[in-house]
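This briefing covers the overall build, the nonpolar cores and the charged side chains of one protein model. The sequence and structure come first, and the notes follow by topic.

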Amino acid sequence: MRTGLLRVVGAATTAYGVTAVRRPDWLAGPVGLTGEHGRTHPYTALALRPLAWRDAAGGLAMLLAPAGPALATAAAVRIASDVGDAVLFGRAVTGRVRRAGAVASALGWAALTAAALVGGRQGDATAGRPA
């Protein structure tokens, strides 16, 4: 497990989630949920904010969880959330390019988190062994 990388992913996720709670356009824009003038309808913002809170909470868990099973669980929740987002975006986002971008972004974060979760430090003979 690459704890440092998981912490960085957690910090980035927390920052993005908190920002998206305050500015749901950050989440709505890339997936095409904004109106003509690039603004998010209040009802859409209301529906997106729990998703942003989920990201903020999951990222905070990755940032603060003690190394070991707690951090691995937080990372697994992050991966599952990203894969779920990719499925949702892949089915619901309109426009081939926009859909591909949304799916690639979600799967990219899932892959980065998974790589950090299963990866060991280079040169560490105990990497990957149970404690």
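A salt bridge here is a side-chain nitrogen of Lys or Arg within 4 Å of a carboxyl oxygen of Asp or Glu. By that definition, aspartate 85 and arginine 54 form a salt bridge through their side chains, at 2.7 Å from N to O. The model is a predicted one.

**Overall build**

- The protein contains five helices and zero strands, in the order α-α-α-α-α along the sequence.
- The C-alpha trace spans about 55 × 30 × 20 Å along its principal axes.
- Of the 131 residues in the protein, 32% are buried.
- Taking contacts between residues at least 6 apart in sequence, 70% join residues at least 24 apart.

**Nonpolar cores**

- In soluble globular proteins, nonpolar side chains tend to be buried together.
- The largest nonpolar core has eight residues: Leu6, Val9, Met62, Ala65, Leu71, Ala74, Ala75 and Ala116.
- Helix 1 (3–22) and helix 4 (69–92) are the elements that give two or more residues to this core, and helix 4 gives the most, with three residues.
- Beyond its neighbours within four places in sequence, leucine 6 contacts Met1, Met62, Leu71, Ala75, Thr113, Ala116 and Leu117.
- Another core, of seven residues, lies apart from the largest one and includes Leu27, Ala28, Leu48 and Ala52.

**Charged side chains**

- The protein carries 14 positive and 6 negative side chains, and the centres of the two sets are 2 Å apart.
- Side chains of opposite charge can pair when their charged atoms come close.
- The structure has four salt bridges.
- One of them joins arginine 39 and aspartate 25, at 3.0 Å from N to O.
- Arginine 39 sits in the loop between helix 2 (25–28) and helix 3 (42–64), while aspartate 25 is in helix 2, 14 residues apart.
- Arginine 39 is exposed because its relative accessibility is 55%, whereas aspartate 25, at 16%, counts as buried.

**The Arg54 network**

- Salt bridges link Arg54, Asp55 and Asp85 in a network.
- Arginine 54 pairs with aspartate 55, the closest N and O atoms being 2.8 Å apart.
- The pair of aspartate 85 in helix 4 and arginine 54 in helix 3 links distant parts of the chain, 31 residues apart.
- Arginine 54 is partly exposed, at 27% relative accessible area.
- Both aspartates count as buried: aspartate 55 has 12% relative accessibility and aspartate 85 has 9%.

Technical notes. Residues are numbered from 1 along each chain as its sequence is written. This is a predicted model: local features need pLDDT of at least 70, side-chain atom pairs count only at pLDDT 80 or more; totals for chains, interfaces and linings use all residues. Side-chain values use heavy atoms; hydrogens and water are left out. Helices (H or I, at least four residues) and strands (E, at least two) are DSSP runs, numbered from the N terminus. Buried means under 20% relative accessible area, exposed over 50%, partly exposed in between (1.4 Å probe, protein chains only). Contact means heavy atoms within 4.5 Å. Lys and Arg count as positive and Asp and Glu as negative; His and the chain ends are not counted. The place of a charge is taken as NZ of Lys, CZ of Arg, CG of Asp or CD of Glu. A nonpolar core is a set of buried Ala, Val, Leu, Ile, Met, Phe, Trp, Tyr and Cys residues joined through side-chain atoms within 4.5 Å.
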